[in-house]
Amino acid sequence: MHVQKEPRGIVPSKKKTLYPIRTGLRDYLIKYDREVKLPVQYTDLLRFNLKTPLRDKEGRDTLWYTVYYDESEMKELFPNLTYIYALMNTDGDTAVMEHLSVARIDYCTFANTRPFRVRIINRLNDNYDHFYIKVGDASRVYGLELEHVLSPNRIIYMTDGNTLIEEHIPGLPGDEFIKRSLHTSKFNQIRICKEFVKFNERCFVRLLGDMRSYNFVVDITPDIEGNQYRFRAIDFDQQSYEGRLKMYLPHYFKENLALVQLGMQHMDLTTMRQYQEEERSLIANRFRSGYYRLQDLFEVMNTDSIAPEEKVIQLGKELASYHKNPAFKSCDTMGKLVFESLHQIVGKRMG
């Protein structure tokens, strides 16, 4: 993570292309039990007859709509949605469904995959949880899978044809975290800086882009002294899609500037490099543990088209310059660039 001052007007493509889940990736998903026959498809949720803007507790527009369905639609749709929730959390044990019901369905037209967010409520104690139904996108599936294998976080998701189901990833949204939680003890601030460096490194190594503050959450865990923090990506649409290298380094986004400034206050170059090396070592360990799964994944990803050719060429040139390694220039797909990046960063630890 570099802290030199540069213009921070870095923005992703206005509208990302959705890439289909092709046969090779579908076979991979079947092999690793991600492809599941679902009773609801994404298109089924489009049959709502009314939508109203959803506002937060302060009355601000969330860019989501709450949608409503005819009674006949609800009778068929809602039990199937609770069954999907049971599939995700109890391997389909229907005994837990009796006290679960759908409390609300929200729809976002702003995001690339136009997600529906389903709120499931436990009628016994009014506790609720969420999951998402989205348009299937190969880029996002690769992002979810790389997150599952190479990050400290496990991800629950399922596909069926052109439908993608994802778990809700809990945590304080990054933009809210920056507003509320940076003014804390020095001890906590140092831990925040450390975790942001490690998050920055994870994104760069596996080329996950567009990690502006509203595309990640922060999981806060009280500890013996102070808090523990973990930054978690929640938006995987920009997995290996953009051509600019800086798109894959969260510290370049103006939305994350407060975290960078906090790091400059509490860390020197030696400390920052220590945290980078720690994360690279952890990634190498995860690579070794998931070697055969990653081998299967890259066998598909290395030949798949998930970005325009000009962006692959641009990113290859910028990575070759950054790492002083011409091998990146010969990569003709984003998958090959991710694979080369992994070996560039952690290869010496995998010998």
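**A sheet and what surrounds it**

Guide: The labels follow DSSP runs, numbered from the N terminus: a helix is a run of H or I with at least four residues, and a strand is a run of E with at least two. Two strands are said to pair if DSSP finds at least two bridges between them. The model is predicted, so local features need pLDDT of at least 70 and side-chain atom pairs count only at pLDDT 80 or more, while totals for chains, interfaces and linings use all residues. Residues are numbered from 1 along each chain as its sequence is written, and side-chain values use heavy atoms, with hydrogens and water left out.

β5 and β7 run antiparallel and are joined by 5 bridges. β5 (residues 127–135) also pairs with β4 (residues 116–122), again in the antiparallel sense, over 7 bridges. One of the residue pairs here is isoleucine 121 with its bridge partner in β5, tyrosine 128. The hairpin of β4 and β5 has 4 residues between the strands, and in this hairpin aspartate 126 takes a positive phi near 65°.

Now the whole sheet. It is open and has 7 strands, in the order β1-β2-β3-β4-β5-β7-β6, with antiparallel pairing. At its edges stand β1 (50–55) and β6 (157–160); each has a single partner strand, so one side of each is left without a neighbour in the sheet. From one strand to the next the twist averages 30°. For such angles, axes are lines fitted to C-alpha atoms (for helices over the stretch in contact), and the angle between N-to-C directions runs from 0 to 180 degrees.

Helix α3 packs on this sheet and touches β5, β6 and β7 (163–167), where contact means heavy atoms within 4.5 Å. The direction of α3 makes about 30° with that of β7. The length of α3 (residues 138–150) can be checked. In α3, 13 of the 13 residues are buried, so the helix is largely enclosed by the rest of the structure. Buried means under 20% relative accessible area, exposed means over 50%, and partly exposed lies in between (1.4 Å probe, protein chains only).

Further out, two loop residues deserve a look. Most residues other than glycine have a negative phi. Leucine 207, in the loop between α5 (186–205) and β9 (216–222), has a positive phi near 55°. Serine 240, in the loop between β10 (227–233) and α6 (257–266), has a positive phi near 50°. Leucine 207 counts as buried at 0% relative accessibility, and serine 240 is buried with a relative accessible area of 0%.

Last come the charged pairs. A salt bridge is a side-chain nitrogen of Lys or Arg within 4 Å of a carboxyl oxygen of Asp or Glu, and by this rule the count comes to 31. Among them is the pair of lysine 31 and aspartate 296, whose closest N and O atoms are 2.7 Å apart. Lysine 31 lies in helix α1 (residues 23–31) and aspartate 296 in helix α8 (residues 291–301), so the pair ties together parts that are 265 residues apart in sequence. Lysine 31 is exposed, with a relative accessible area of 54%, whereas aspartate 296 counts as buried at 18%.

Glutamate 71 and lysine 75 meet in a salt bridge of 4.0 Å, N to O. Both lie in helix α2 (residues 71–90), 4 residues apart, which is about one turn of the helix. Glutamate 71 is exposed at 55% relative accessible area, and lysine 75 counts as exposed at 61%. Salt bridges can also link up: Asp56, Glu58, Arg60, Glu176, Lys179 and Arg180 are joined in a network of them.
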